Amino acid sequence: MKLWKGRFTKEVDAQVNDFNSSISFDSRLVREDITGSIAHAKMLTACGILTPEEGETLTTELAKLLAEIENGTVAIDMTAEDIHTFVEQTLTERIGTTGKKLHTARSRNDQVATDFKLYVKREAGELAALVAEFAKTLLKIAAENLDTVMSGYTHLQRAQPVTFAHILMAYVNMLLRDVGRLADCQARMDTCPLGSGALASTTYPIDRTITAELLGFARPSDNSMDGVSDRDFALELMSDLSILMVHLSRFAEEVILWCSHEFGYIELDDAFATGSSIMPQKKNPDVCELVRGKSGRVFGDLMALLTAMKGLPLAYNKDMQEDKEALFDSCDTAAICLKTLIPMCATMKVRRERMRKLAAAGFINATDCADYLVGKGMAFRDAYQVTGMIIRFCVESGKTLETMTLDDYHQFDESFADDIYAAISLERCVEGRSVIGGPAPKEVARQIASATAQLEAFGF
């Protein structure tokens, strides 16, 4: 039976009923709905609106119902209009009139807003923990590869020498910002809508601070109309997850490149790769391709809710029912991507020798050659021009900066001496970049310690 049936004389059209129903997806909020109802019953009792006996009966039966749902003894009736209807009707069937008193001083509008915010708050915390775990996984690999020299890239062209640790720390820094955004999101949503009513609160002498405290919120929401119509908390989480998915997608693209025969920097464990039905030699990084593809789902979910909310007048509108499926999908997608990437990275093989070999062949120490000439007194722009001519000579003669003879160097400038070979050593090039944020092993070790401390400060 519909909770709102009193006003109507006809049954709802079957197709309209299916169209209007939300239990197929909001049943996911059953824990939050019952937890919120227990807090509401306790508050009504504390305020003298329910008798102590009524309050005890309601809280006991609600807790029992939740336990039975979670252990599988009771199945949610998927023909109910929504999860709120199912809980209230089941309660009334069990304890009669007392069950009908639960909804005193409450509307489904503030009830669903509270349920949803409780869920989003919990999801933000669980997702932050997964992001932190991924960051820790990359930190461990970085610590093992402080001296693993490889080429850094711009425009996907070999650019300057860095280390594998330095590249991984770039992604760790992205993930640290993701954790911070999720923490900020949780802090901003820490207000309880319960007690806002349909839109104009209630005439009952309730105490909203009681329910806020019982449900773990910092305080009640400050305006009843905003309390029932606010979905910023969902939009913010989905926005944060969209940025996270950009980072995961970029990292996935790196891994896809690194796995290719042309790069060969890493090899994925067999448990995290797939083969071809026709080409026996293939080992495909499907996991990363799916992460890259699933990022679009999360972006689309955010856009769907932004579009649903953009033209809504105050206060509650049925359009807001579209918030849940989009958010659930965003959270599920981000979570499965993280849960898959973490063990994939933990088990991948880093091919250090291959990284070093390709780095040596790419003239990535050209800037250091120019800096060497600057050290000899030449202006940088002139040193840049001389080094450019040297590179052209190497390309035409099949040489590298390391294999050029001193006579070769003297064709371009007499200030070159034997110390040029130490100056353009890839290891020396990396070690020399020891400024804050640079790839020098000691500096990257500091970055690792800093990132670890930041995660600890966030509680991870």
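Reader: By class, how many nonpolar, polar and charged residues does the lining of the largest pocket have?

Author: This is a predicted model, in which local features need pLDDT of at least 70, side-chain atom pairs count only at pLDDT 80 or more, and totals for chains, interfaces and linings use all residues. Residues are numbered from 1 along each chain as its sequence is written, and side-chain values use heavy atoms, with hydrogens and water left out. A pocket is an open set of points on a 1 Å grid over the protein atoms alone where a 1.4 Å probe fits, with protein on both sides within 12 Å along at least five of seven lines; lining residues have an atom within 4 Å of a point. Ala, Val, Leu, Ile, Met, Phe, Trp, Tyr, Cys and Pro count as nonpolar, Asp, Glu, Lys and Arg as charged, and the others, Gly among them, as polar, which gives 12 nonpolar, 5 polar and 4 charged residues.

Reader: Which residues lie nearest the centre of the second largest pocket?

Author: By class, the lining of the second largest pocket has 6 nonpolar, 7 polar and 9 charged residues. Of its 22 lining residues, those nearest the centre are Asp82, Arg108, Asn109, Tyr316 and Lys318.

Reader: Is Ala105 buried or exposed?

Author: Ala105 has a positive phi of about 65° although it is not a glycine. Buried means under 20% relative accessible area, exposed over 50%, partly exposed in between (1.4 Å probe, protein chains only). Because its relative accessibility is 9%, Ala105 counts as buried.

Reader: What is omega for the cis peptide bond at Ala315?

Author: The cis bond joins Leu314 and Ala315. Its omega is about 5°.
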